[in-house]
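The following exercises concern one structure. Please examine the sequence and the model before reading each solution.

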Amino acid sequence: MEMVKMPTVVYFSHNGETLLDGRHQQVSFGNTEVVAKIIAEKVTGKLVQIMPNEPYPVDYQAVLDRAEHEMKQTVLPEIVPIKHDFHADSKIFLGFPIWWNTLPMAVKTFLKQVNFDGKKVYPFCTHEGSGFGKSRQELQQLLPKADIQKGLAVRGSRVTCAQCAVNNWLCQNIQNK
């Protein structure tokens, strides 16, 4: 009997102060985490969180400042070791917020540590108006031998209403692949 492997939902998310409905608000969960949990529930997937060794600040502007510094200086922050074996995964959902129009550097650290060759990668992001920005192009560059699928971009300030968007995305793009 062949064992069916459930998909893996990998995400990076920031909790603390964020922009919701145009205002800075404190949250105990990040926007991307909300979407990741919805996807994991729908696909019966295993959740894997990318966490930097040095957590990002709680203050929203301080997060943006650090993210901008990391990006401009090409700093790949160290991340907490992930105790998941990606070898047998064929489908990986990859979630991240869009910072400065692209992937956070902590996500790039993760992408350099895992072999994605031959895997289907389903990107999803949260943003405040930029959609995927240039992150899809960067994913193609960083994962040239992966099969990058159509992604899902969710406005962070509307993340609590993302259930319908996630359902539609999964039905249209994932169920039959």
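**Exercise 1.** How far apart do the end C-alpha atoms of residues 29-170 lie, and what percentage of the span is helix and strand?

*Solution.* The model is predicted: local features need pLDDT of at least 70, side-chain atom pairs count only at pLDDT 80 or more, and totals for chains, interfaces and linings use all residues. Residues are numbered from 1 along each chain as its sequence is written, and side-chain values use heavy atoms, leaving out hydrogens and water. The end C-alpha atoms of residues 29-170 are 23 Å apart.

**Exercise 2.** Determine which residues of helix H1 meet helix H5.

*Solution.* In H1, Val35, Ile38, Ile39, Lys42 and Val43 meet Gln163, Val166, Asn167, Trp169 and Leu170 in H5, contact meaning heavy atoms within 4.5 Å. The residues of this contact divide into 7 nonpolar, 2 polar and 1 charged (nonpolar: Ala, Val, Leu, Ile, Met, Phe, Trp, Tyr, Cys and Pro; charged: Asp, Glu, Lys and Arg; polar: the others, Gly among them).

**Exercise 3.** What is the count of aromatic pairs?

*Solution.* Rings of Phe, Tyr and Trp (its six-membered ring) pair if their centres lie within 6.5 Å; planes under 30 degrees apart are stacked, over 60 edge-to-face and the rest tilted. The count comes to 8 aromatic pairs. The rings of phenylalanine 12 and tryptophan 99 have centres 5.5 Å apart and planes at 80°, so this pair is edge-to-face. The pair links distant parts of the chain, 87 residues apart.

Technical notes:
Helix = DSSP H or I, 4+ residues; strand = E, 2+ residues; numbered from the N terminus.
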